[in-house]
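Visitor: I have some questions about this structure. Can we take them one at a time?

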Amino acid sequence: SRLQILEATMVYDQDDRTKNNSENNNKSRKKIKKERKKNAGGGGGGKKKKDEKSIYFSPPPLSSASIPKDFKGIHVDIDKDLMGIDSDVQKRLRRLCNDIPVPSAKFKRAPSDYYDWDLEQRRDCLQAPHINYLCKTMIMRNTKTNATDCSDRTNSKYYMIVIQYTAKMNKEKLQKIVRFLRPEKERMSKKSVNMRVASPEDGVMLSGFGHNAVTPLGMAVKVPMIVSHRVLEVVM
């Protein structure tokens with residue numbers, strides 16, 4: 001299914017509460033208006049209606065990945081890569097990578113104190129090129145929807161988002177993207193979308209994975225996925 005892309009950056013509005021110096025206030029307001037026009041692409045040519053599609057990131061078309069002719073499945077060194085433990089989850093994910101296929105996948109079992117490490121240590125453990133390659137998968141629940149499952153991606157009870165550890169999720173933009181999945185005349189109201197992190201119990205039920213082990217690949221339930229455009233900028 002098509003991925004709708006979330007821009008996972010925090011946006012702050014400047015709130016100038018200074019009352020004594022009116023001249024500085026006016027300058028500040030003019031500067032803010034000018035920056036907003038510039039960011040919106042409005043320039044100086046009067047007001048332009050914001051394109052609804054502008055909230056989405058359009059990645060370049062993906063070329064067909066070449067599958068090596070001698071590809072016989074994902075290879076792992078049980079002792080070196082998995083610390084001597086080859087679990088049923090690891091086996092299931094490797095079979096899935098072989099079936100898709102995803103020949104570039106690598107598996108690495110991390111120590112129990114992995115999430116106490118800084119990003120640089122995690123990068124080195126996973127042999128990632130940069131800390132921006134480190135991502136997390138979060139399952140979000142729309143607490144205001146009347147949906148009871150994930151069958152309708154435009155009005156799903158749950159959504160799965162993938163963002164970098166170096167980025168922050170903007171909940172307002174996430175909610176807007178979910179609303180904009182439908183045409184304007186069928187669009188849900190703002191009061192109908194309120195995204196919250198799903199409970200650990202829901203996360204296990206939907207993913208089939210344990211706590212802090214959720215991955216977009218091999219989910220137990222097909223949950224609509226939203227990927228940060230910054231992730232695509234790194235990998236493309």
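Visitor: Which exposed residues does the face of α3 turned away from its buried side carry?
Guide: This is a predicted model. Exposed here means over 50% relative accessible area. On the face of α3 turned away from the buried side, the exposed residues are D88 and D99.

Visitor: Which residues of α3 are buried, and within what arc do they fall?
Guide: The buried residues of α3 are Q90, L93, R94 and C97. They line one face of the helix, because seen down the axis of α3 they fall within an arc of 100°. An α-helix has 3.6 residues a turn, so residues three or four places apart point the same way. The arc asked for is 100°.

Visitor: How far does α3 reach from its first C-alpha to its last?
Guide: Helix α3 covers residues 88–99, which is 12 residues. At 1.5 Å a residue, 16 Å is expected. The model comes close to that, with a reach of 16 Å.

Visitor: How many salt bridges does a search of the whole structure find?
Guide: Another joins R123 and D124, at 3.0 Å, N to O; R123 is partly exposed, with a relative accessible area of 24%. R182 and D152 also meet in a salt bridge, at 3.1 Å, N to O. The search of the whole structure finds 3.

Visitor: How many residues apart in sequence are the parts that R182 and D152 tie together?
Guide: The side chains of R182 and D152 meet in a salt bridge. R182 lies in the loop between α5 (171–179) and β4 (195–197), while D152 lies in the loop between β2 (135–142) and β3 (158–164), so the pair ties together parts that are 30 residues apart.

Visitor: Are R182 and D152 buried or partly exposed?
Guide: Buried would need under 20% relative accessible area. R182 has 21%, and D152 has 30%. Both R182 and D152 are therefore partly exposed.

Visitor: Which residue of β4 stands opposite M140?
Guide: β2 and β3 run antiparallel, joined by 7 bridges. There, I139 has M160 in β3 as its bridge partner. β2 and β4 also run antiparallel, joined by 3 bridges. In β4, the residue opposite M140 is V197.

Methods. Residues are numbered from 1 along each chain as its sequence is written. This is a predicted model: local features need pLDDT of at least 70, side-chain atom pairs count only at pLDDT 80 or more; totals for chains, interfaces and linings use all residues. Side-chain values use heavy atoms; hydrogens and water are left out. A salt bridge is a side-chain nitrogen of Lys or Arg within 4 Å of a carboxyl oxygen of Asp or Glu. Buried means under 20% relative accessible area, exposed over 50%, partly exposed in between (1.4 Å probe, protein chains only). Helices (H or I, at least four residues) and strands (E, at least two) are DSSP runs, numbered from the N terminus. Two strands pair if DSSP finds at least two bridges between them. The expected span of a helix is 1.5 Å times one less than its number of residues. The arc is that of the directions from the helix axis to the C-beta atoms.
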